[in-house]
Amino acid sequence: MSCVEIAFVNLSAVSEWIIQNWLEEVAFVSSAVGVWLTTRRSLICWPVILVSCILYGEVFREARLLSDMLLQGVFAACAVYGWWHWVRGVQTEGAVTVEALSWRGWVWGLAAGAAGSVILGFVMARYFHASLPWLDSALTSFSLVGQWWQARKYLANWWLWIAVDLIYIGEYVYKHLNLTAGLYALFVALAVLGLRDWRRALERQEAEAMAGVLERECRS
């Protein structure tokens with residue numbers, strides 16, 4: 001075969017792959033944009049995340065990753081809640097503020113993630129014969145904790161997402177969802193960016209609060 005013919009065959013194969021995987025590709029883009037907007041603390045992130053949840057729900061249904069499919073439904077509900085909670089915060093405080101998570105919050109969150117891993121893993125392995133039931137259930141459970149922390153504007157959500165997304169990369173490579181594995185590698189980078197930006201925002205908030213206290217003391 002000539003170089004032109006080889007190039008044509010390769011181009012045809014790439015085009016066929018793009019057509020066959022269009023749903024995962026659109027889900028990829030919407031999810032990446034949603035997370036990036038979250039790192040910027042933009043209210044638009046929530047409707048974008050809601051769309052990506054719907055799309056990925058179908059992707060995971062086709063891959064028989066049932067825990068992940070159910071997770072997208074819960075994520076959609078969390079997106080609606082997060083949207084409402086952030087809007088309410090903006091109306092009250094004028095901006096999306098960042099909150100520090102107490103040690104009790106860490107304990108309760110991680111305990112809830114562990115308990116959910118066991119319960120969901122048992123159900124998926126016993127009754128649904130899902131693929132990778134225990135690993136997928138653990139990732140699902142802790143992802144729910146991360147999503148809740150994110151909706152509540154806790155800085156700690158980014159630490160949890162970094163850990164969860166790193167493990168997700170291996171799972172999706174194993175399931176041959178290579179585009180999604182690439183997406184979660186991008187998620188890790190975005191989570192690091194979000195951690196940096198939210199930490200800076202929290203430090204600014206604390207500095208402004210301290211300056212306000214000092215100003216009031218000086219006036220009194």
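Mentor: Gladly, and a definition comes first: a polar contact is a pair of N or O atoms within 3.5 Å; within protein, one must be able to donate a hydrogen and the other to accept it, and residues adjacent in sequence count only if both atoms are side-chain atoms. The model is predicted, so local features need pLDDT of at least 70, side-chain atom pairs count only at pLDDT 80 or more, and totals for chains, interfaces and linings use all residues. Residues are numbered from 1 along each chain as its sequence is written, and side-chain values use heavy atoms, with hydrogens and water left out.

Trainee: Which backbone oxygen does the side chain of Ser30 reach?

Mentor: Ser30 sits in helix α2, helices being DSSP runs (H or I, at least four residues) numbered from the N terminus. Its side chain comes to 3.1 Å from a backbone oxygen, that of Ala27.

Trainee: Is Ser30 buried or exposed?

Mentor: Buried means under 20% relative accessible area, exposed over 50%, partly exposed in between (1.4 Å probe, protein chains only). Ser30 has a relative accessible area of 12%, so Ser30 is buried.

Trainee: How are α2 and α8 oriented to each other?

Mentor: Axes are lines fitted to C-alpha atoms, for helices over the stretch in contact, and angles run from 0 to 180 degrees between N-to-C directions. Helix α2 (residues 22-39) and helix α8 (residues 178-219) pack with axes 9 Å apart, at an angle of about 5°. Angles under 35 degrees count as roughly parallel, so α2 and α8 are roughly parallel.

Trainee: Which residues does Ser30 touch, not counting residues up to four places away in sequence?

Mentor: Contact means heavy atoms within 4.5 Å. With those neighbours left out, Ser30 touches Val48, Ser52 and Leu55.

Note on methods: Helices (H or I, at least four residues) and strands (E, at least two) are DSSP runs, numbered from the N terminus. Angles under 35 degrees count as roughly parallel, over 145 as roughly antiparallel, 65 to 115 as roughly perpendicular and the rest as oblique.
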